[in-house]
Amino acid sequence: MDSQEPLPKLRLAPAESAQEIKLRCAREQRASHLQRESDLENSLSPFRVGSVGYLNAVPLTRGLEQEVTFATPAQLAAMLRKDELDAALVSVTEVLFNDRYDVLDGIAVASLGEVKSVLLAHRAPIEQVQEVFCDTASLTSVQLLRVLLGERGLKPEFKPLNSYDSAALPDFALLIGDPALDFLRGPHEHEIWDLGAAWYELTRLPFVYAVWALRRGSDNSSLRRQLREARDFGLDTLDHIISTRTRV
């Protein structure tokens, strides 16, 4: 280059206002999320995966919703035992009572204290309990309630709950998942015993309700990776999940 030739002038990018920077970052973030969602689409094939349709499990299947079979905890456990699924988000009791699964470590539906979606609705004092009507979808929560009541020397009879009508709810009813949240937020005459809070008060430990159980004996390394990716995506986009869900 001729040493006498003038250097080209530097062109500076136009200054952005704080609002413009915020909008640009939001666009870039949306583009990144769309790419991650696209990468997860059809990623479970050829595996068969099941999960619960409750709100607290939504972040664990972010981006995989179209590939997942949704059912109650009890139904998922039955499907997994029949080898109709390769993996499912099941009640932890299914894993403890049946030594035929591998557990995806580091991921769980758990609580450290109050959980709000697992509760005993009671109209009479707990010490007067003779029978408890339980959500038939529940597995772990029933066993948790047995332990908590047993610690108080109480051994009631457990029966299936046939109706979620708050006006017709029995004196003692175990509710889980979205029906429990709906009941808690609506008008009712019952008192609430939150089982997550009760467990923490008793043990000072967290309680694990559900885990990813994988059918043992098959190569599931890619499935493990995709379930972890979905979890990471869900946690990174919690604000989006909250803002786009119609049920709260």
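Which side chains meet in a salt bridge at 3.2 Å, N to O? In this predicted model, the pair is formed by Arg-48 and Asp-86. Arg-48 lies in the loop between α1 (18-40) and β1, and Asp-86 in the loop between α2 (73-81) and β3, so the contact ties together parts that are 38 residues apart in sequence. Asp-86 is buried, with a relative accessible area of 9%, whereas Arg-48 is partly exposed at 34%. Both residues belong to a network of salt bridges that also includes Arg-215.

The structure holds 13 salt bridges. Another of them joins the side chains of Arg-100 and Asp-83, with an N to O distance of 3.3 Å. Because Arg-100 is placed in the loop between α3 (92-97) and β4 (101-111) and Asp-83 in the loop between α2 and β3, this pair links parts 17 residues apart in sequence. Arg-100 is partly exposed, with a relative accessible area of 31%, and Asp-83 is likewise partly exposed, at 33%.

Strand β3 (residues 87-91) has five of its five residues buried and is therefore largely enclosed by the rest of the structure. Strand β1 (residues 49-51) runs parallel to β3 and is joined to it by two bridges, with Val-49 opposite Ala-87. Strand β10 (residues 207-215) pairs with β3 in the antiparallel sense over five bridges; here Ala-88 stands opposite Ala-213. Within β3, Ser-91 has a relative accessible area of 6%. Beyond residues up to four places away in sequence, Ser-91 touches Pro-73, Leu-139, Thr-140, Tyr-209 and Ala-210.

Notes. Residues numbered from 1 in each chain as written. Predicted model: local features only at pLDDT ≥ 70, side-chain atom pairs only at ≥ 80, totals over all residues. Heavy atoms only, no water. Helix = DSSP H or I, 4+ residues; strand = E, 2+ residues; numbered from the N terminus. Buried < 20%, exposed > 50% of the residue type's maximum accessible area, 1.4 Å probe, protein only. Contact = heavy atoms within 4.5 Å. Pairing = 2+ DSSP bridges. Salt bridge = Lys/Arg side-chain N within 4 Å of Asp/Glu carboxyl O.
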